[in-house]
Every structure is written in structure tokens, then in C-alpha cells.
Amino acid sequence: MIKLIKGGVYYMGGSLVKENRAFMVEAKKQQAIKGTIAYSILKSHNKGDGENLRISFDALASHDITYVGIIQTAKASGLKEFPVPYTLTNCHNSLCAVGGTINEDDHLFGYSAAKKYGGNFVPPHIAVIHQYMREAEAACGKMILGSDSHTRYGAFGTMAVGEGGPELVKQLLGQTYDVKRPEIIAVYLKGKPKKGVGPHDVAIALVGATFKNGFVKNKILEFIGPGIKNLSMDFRSGIDVMTTETTCLSSVWETDGVTEEFFKAHGRAGDFKQLHPVDPAYYDGAVVIDLSRIEPMIALPFHPSNAYTIREVIDNASDILNEVEKAGNALKGAGAKPYRLLDRVRDGKIYVSQGVIAGCAGGSYENVAEAAEIMRGKNCGNGEFMLNVYPQSQPVYKCLVDNGYASALMGAGAVLKTAFCGPCFGAGDTPADNGISVRHTTRNFENREGSKLGEGQLAAVALMDARSIAATAANGGVLTPATEAEYTKKIKKYYFDGSIYEHRVYRGAGNPQPQTELIYGNNIADWPEQLPLANNLLIEVVSVINDPVTTTDELIPSGETSSYRSNPLRLAEFALSRKDPGYVGRAKEVKAVEEYRRKNGVLSDEVMQQVGIDISPDVMLGSAVVARKPGDGSAREQAASCQRVLGGVANIALEYATKRYRSNLINWGMLPLVCKEFDYKAGDFIYIENVTECVKKGDTAIPAKHISDGKVKNVFLRLGELTEEEKQIILSGCLINYNKK
């Protein structure tokens with residue numbers, strides 16, 4: 001299905017040619033490097049040199065988990081108005097079901113901010129963030145930055161990047177997004193998908209082929225090739241949004257008549273232009289996907305890369321599900337109620353408890369309409385299994401109603417709900433303990449569906465395409481690939497009713513009203529003051545995570561906890577609560593000792609005895625989380641800021657899973673340290689002298705003392721490459737302090 005080509009390749013005459021077979025002279029290669037679509041878009045947005053990019057984006061987007069913190073940070077740094085179109089959507093905490101008035105209070109804050117600073121505001125239930133940006137803001141050759149990791153509009157010719165909130169703050173303050181020129185990987189599509197295969201099948205296969213080996217980490221995926229013409233815009237976009245799960249930086253696709261028709265249908269014909277690589281174009285590697293060979297796929301718990309064909313899982317249910325069951329019991333730990341998955345295999349069939357089609361990946365018109373055709377004349381049954389469907393915008397919902405697909409689904413027992421991202425991050429449709437839900441959503445990390453491991457709960461999500469979810473629903477909850485369903489693939493044409501947005505969305509971009517007062521609810525709090533980095537640093541390890549990869553959902557859980565995202569100290573109480581419940585208490589103890597030191601001018605005798613070596617009087621004490629590979633998943637800055645407000649000064653890792661998490665650490669004044677040996681435990685200390693000088697000079701190796709059980713070992717820690725601005729942010733203590741200076 002998928003082939004990876006390592007090393008350079010040229011795209012010549014519509015085919016891929018390996019670099020060692022192209023016989024290009026160096027001058028030709030340098031010209032071909034400039035021939036990609038991504039290169040031309042980056043160049044047009046770059047204020048730096050060819051290798052050190054300083055990008056200014058055309059538009060920004062945030063949802064209601066992130067925009068309050070972003071605006072508060074920018075306001076504290078001197079924000080007067082939004083310099084580029086900034087869209088605030090309300091699709092994550094739109095149920096307003098937790099914390100009393102705090103969610104709707106934040107929505108009112110967002111509306112008042114859009115008026116005051118000149119932005120766009122999309123009320124709850126109108127559209128999920130990424131569908132609105134596709135319909136209203138994406139344009140060929142444009143660049144968009146969003147504070148959500150699935151900010152991907154490459155299928156529309158828009159290079160989009162999902163980052164932590166501080167990177168949007170920089171754009172709001174006229175600063176740039178700084179990154180080394182990323183490598184560009186060709187994703188060459190050929191063939192045509194068979195009936196019953198949808199975009200999630202292609203996406204899961206792509207993630208499965210590239211995530212674990214890091215083949216495209218922090219690179220740009222450029223989709224090219226003859227197979228593109230065989231895909232609709234919904235199909236292309238459904239693949240594109242999932243590229244986030246490969247850990248790539250961004251994506252972009254060739255555009256054609258299908259793309260042009262999308263923009264015309266949405267009243268934005270002027271936003272289309274042809275985008276194609278120059279012949280020849282040079283890529284740093286390639287992924288070849290034969291669409292005709294893609295089968296219905298399933299990503300089993302607990303990661304989108306845990307990819308199999310559905311038929312493979314059905315035929316080998318005991319062996320494959322046994323491995324998932326083992327992983328679940330390892331998460332729950334010894335002594336907990338066992339996680340049982342094999343109980344769902346009966347008479348050679350696998351029974352699931354729930355199906356969900358939702359969000360930026362699943363709730364598209366074509367996904368839902370084709371699911372309705374599969375369900376037509378059938379039903380979900382009146383047993384345990386249930387099917388919930390969330391169209392991704394009100395225009396999509398209206399067309400599904402007008403064309404009869406909503407009626408077909410409801411008649412089959414499915415429940416249709418309004419645009420909402422909750423099933424994707426644990427704020428809606430949480431299945432029962434030991435339940436398994438098949439979902440056309442973006443992620444299936446442990447507890448991401450809403451169960452609470454700390455309370456002994458563990459449900460699980462498997463990712464599947466909407467078509468196979470519908471086939472499973474029509475079969476009474478028995479896992480079934482859509483290629484085995486009988487239905488008509490032909491669906492009625494989609495039309496876009498823009499009056500829905502005209503009547504409900506506030507469009508204030510470019511029209512600030514500075515006299516508008518921001519509306520503050522009781523839960524909205526300012527960021528607590530952060531101190532600049534001291535010359536010497538004593539770091540106490542307060543949590544060690546040994547998992548191969550640590551997600552941001554584990555660093556700061558999603559779901560109902562995100563309702564407190566506008567109050568830094570309240571949200572921080574949930575930090576690592578599902579992975580290390582003792583973390584918050586230990587971090588607070590270290591912070592209290594540092595406050596004692598600042599008040600009395602010395603460290604306490606108890607700490608001095610623990611450390612057991614001479615410590616400079618000019619020292620700052622802070623805490624650190626140590627993890628092998630932290631930061632996979634969401635872009636939410638709170639994964640770092642919660643540690644910071646609890647006194648965190650560093651992370652120590654073998655490597656960082658994503659650029660965006662490392663950037664979040666830097667923007668919150670924390671050192672993103674990298675170690676060679678993973679031999680830390682809670683209670684260890686790391687002492688670094690003259691750390692400010694090391695940061696200023698950009699030292700690649702920082703000498704430190706690792707103190708464990710009274711033994712002292714000299715070690716070297718690495719910071720990795722930092723821009724001059726990033727150095728100053730760390731030295732200042734955080735981005736807010738840097739901008740105040």
C-alpha cells in the first residue's frame with residue numbers, strides 16, 4: 001500500500017526518480033530544491049534568510065480552549081489590535097456543562113476581544129475550527145497559524161501550522177515564527193480508492209507507515225501525483241488533517257479543477273490558483289501511496305499509528321486484541337480491575353460498543369452522506385451499540401438535511417448532533433469502562449475519550465473511517481469493513497449556504513473597536529508573574545515518565561479539565577493527574593522552598609543537606625519533569641505553562657516528540673534540556689553553574705552535576721539550537737517578560 005523512499009528524489013515528467021539516478025549537476029539540484037510548492041510559499045512569507053526562516057502568517061485561528069490565554073498574554077505584552085485576521089471559534093467547550101458559567105463566560109470574553117481588537121468570532125455549534133477555516137479563510141498560496149495541532153489546510157493550497165499559543169502571540173505582536181528550513185517530503189499518490197475505502201483509511205495507513213520511524217518528523221509533506229485527480233476535496237482534506245499524527249510540520253497539495261470548484265462553490269473564486277511543483281523539483285524523501293491497494297483500516301488503542309487492516313484484526317482477533325489488552329492493563333497497573341478486551345470477541349466476531357463520526361476529520365458532507373447510504377434501510381439495533389454523528393459545520397448539516405441524509409441516518413437509529421470537537425478530546429460521548437468505541441476522529445490516546453485512569457476507568461477508542469463505522473452500525477455493532485457492505489456510493493452534490501455564517505458569525509477582522517470593554521468572567525485570571533533565569537540553577541526532579549512517548553494529554557489532561565484553561569493556577573492542579581498524581585504536590589513543595597529562599601536569601605538547611613555540595617548563593621531552585629520523548633499530540637501550551645506556574649524551570653528528555661512542545665517550553669521560559677542517559681528518578685537534583693552564560697553563548701553542551709542518593713556525577717546536557725530571540729525569552733523568564741522588556 002505504502003512505500004517509503006529514503007534520500008533525495010526528483011519529480012520529473014510526472015514520476016519520482018531517485019537522486020543517484022537523476023545525474024543532476026549541483027547547480028541543477030539547487031534550482032530543483034526551489035521547485036517545490038512548499039518552497040515557493042515559504043519564500044513568499046519569509047523575512048529571514050534561506051536557511052533560518054522567519055515566517056509571517058496571513059491569518060490566525062484559535063478555539064475556546066486556547067484563545068483566552070493567548071489574548072491575555074498578548075494584552076499583557078502591549079497588544080493594541082489584531083494585525084492579521086484572527087478567528088476565534090467555540091467548538092471545544094461549547095457544551096457549557098462543567099464549571100457553571102465559566103465556559104460561556106469565556107465565549108463572551110472571546111466575542112468582546114474580537115470586537116475590541118478586530119477579529120472574527122464563530123459562536124458555539126456553528127462550526128468546528130478547521131472546517132470554518134477551510135470554508136472561510138483558506139486560500140491557495142496562503143499560510144495560516146493555529147493554536148490547535150490539527151491546523152492543516154494543505155488540500156486547499158494553504159500551508160498551515162499548528163503551534164502552542166505563544167507562537168500566535170508573537171504574530172499578534174508583529175514578531176515572526178522562526179524555524180530552520182524544513183525538509184520537504186513528496187507524498188506521491190497514484191491509483192483510485194476502491195468502493196468502501198475512505199480518507200481515514202488512507203490516513204491511518206500513512207500514519208502507521210511513518211510515525212514510529214520518525215520518517216517525516218518536523219518536515220513538510222507535499223502531495224503530488226496522478227492519484228490526486230481521483231479524490232474529492234472532502235477526501236483530500238480528510239487525509240490532510242491527519243498528517244498531524246505523522247508529526248510533520250505542515251502539508252500542501254497540488255491544486256486543480258476540483259480545488260477551483262470548491263472555492264467557487266464557497267463564493268471565493270479569487271482565492272484559487274494553480275499550484276504545481278516545477279519540473280524537475282527536488283524532495284528530501286518520498287512516500288508513495290497506491291490508493292487502489294488501500295484497504296479499510298483500523299488504528300487500535302492507544303495511538304493512531306497502531307494501524308492494521310480491519311480484516312486482519314477480525315481474522316487474528318485473539319492475538320492482536322490480546323496485545324492491546326496487555327497495554328491497557330499495563331496502564332491500569334497491578335491491583336486494578338483488569339482491562340478486558342477479549343470479552344468482546346464472540347463466535348469469531350468482534351463487538352464494539354459505540355460509533356462516532358465527528359469533527360474536522362470525520363464530520364464532512366461526503367463522509368456522513370456515504371455513511372447514510374450504507375445505513376439506508378438498516379438500523380443500529382436496540383442493544384448496547386450506539387452511533388452518534390456530528391456534522392462539522394451548520395452549512396454541512398443543512399445540506400445533509402436538505403438532501404435527505406440526516407433523515408436516513410435518524411431513521412436507522414443514529415443520533416445527529418451539532419458541530420463539536422468533544423468526542424475527539426474526551427468532552428463528549430465517553431464510553432463505559434471497558435468499552436471500545438470506533439471513531440472517525442483524529443486521536444485515540446489512552447483516556448483521551450474521557451475515561452479517568454486515576455479512578456480505575458479505562459475505555460478505549462479505535463480509529464476507523466466513517467464508511468466502516470456505518471457498516472459496523474448496520475451490522476449491529478459487529479466490526480465490519482465497508483468493502484463488505486452493499487450500498488450506492490453515488491451521493492447528491494453538496495452546496496454551500498453562506499447565509500448561515502452571514503447571519504451568525506461576527507466578522508470584525510480589520511475593524512477594531514478599541515473602546516469595547518473586555519468581558520471578564522470569574523474564572524478568567526491573569527498569568528502569575530514569572531522570574532527571569534538566575535545565573536545558577538538547581539533543579540529538582542519531581543516526576544520521571546518512562547513511557548516511550550508522552551503525550552500532551554498526559555502532561556495536562558483534556559476533557560473537563562480544559563474548562564479551567566482560563567485560570568492558570570486552577571488548571572495547573574490537573575497537571576500530570578492521569579500519569580503521575582503526586583506531581584503537583586511535589587512541584588508545589590519545591591516552589592515553596594524557592595519562595596523561602598527568595599524571602600530569606602538562602603536555601604533551607606534541609607535542601608542543602610539533600611544536595612550535599614557547595615551551592616552558589618546566586619541560585620534559583622526549580623522543578624523539572626523528566627520523560628523519554630514528551631510532547632506528542634496536542635499543541636496546547638498548557639502542557640508547559642502548568643509546569644511553569646508550579647515552579648518548573650526545565651524538562652529533561654532523550655528527545656522531544658514535536659517542535660511545538662519544545663517551543664512551548666521555550667516560550668514559557670523553561671529549558672528544553674536533552675540528556676544522553678535516562679537514569680533519573682524523582683528526588684534527584686541537577687545543578688548548573690553559569691547557566692545564563694551558557695544560554696547566551698548557545699553552548700551545545702552544558703556541564704552539570706547530577707546528584708542522586710548523595711552521589712555526584714558530572715554530566716553534559718544539551719539545549720539544542722536556539723535563535724537569539726529564544727535565548728532572550730528563556731533568560732527573561734517567559735515570552736511575556738521578554739515583550740515587556
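Reader: In what order do the strands of the open sheet stand?

Author: Strands are DSSP runs of E with at least two residues, numbered from the N terminus, and two strands pair if DSSP finds at least two bridges between them. In this predicted model, where local features need pLDDT of at least 70, side-chain atom pairs count only at pLDDT 80 or more, and totals for chains, interfaces and linings use all residues, 6 strands form an open sheet with mixed pairing, ordered β8-β7-β4-β5-β6-β23. Residues are numbered from 1 along each chain as its sequence is written, and side-chain values use heavy atoms, with hydrogens and water left out.

Reader: Why is one side of β8 and of β23 left without a neighbour in the sheet?

Author: β8 (159–162) and β23 (506–507) stand at the edges, so each has a single partner strand. For β8, strand β7 (residues 143–146) pairs with it in the parallel sense over 4 bridges; Ile-144 stands opposite Ala-160 in β8.

Reader: Is Ser-732 buried or exposed?

Author: Buried means under 20% relative accessible area, exposed over 50%, and partly exposed in between (1.4 Å probe, protein chains only). Ser-732 has 5% relative accessibility and therefore counts as buried.

Reader: Which residues does Ser-732 touch?

Author: Contact means heavy atoms within 4.5 Å. Not counting residues up to four places away in sequence, Ser-732 touches Leu-531, Pro-532, Asn-737, Tyr-738 and Lys-741.

Reader: How many residues apart in sequence are Leu-409 and Asn-379?

Author: Leu-409 and Asn-379 are 30 residues apart in sequence, and 8.6 Å apart in space, C-alpha to C-alpha. Leu-409 is buried as well, at 1% relative accessibility.
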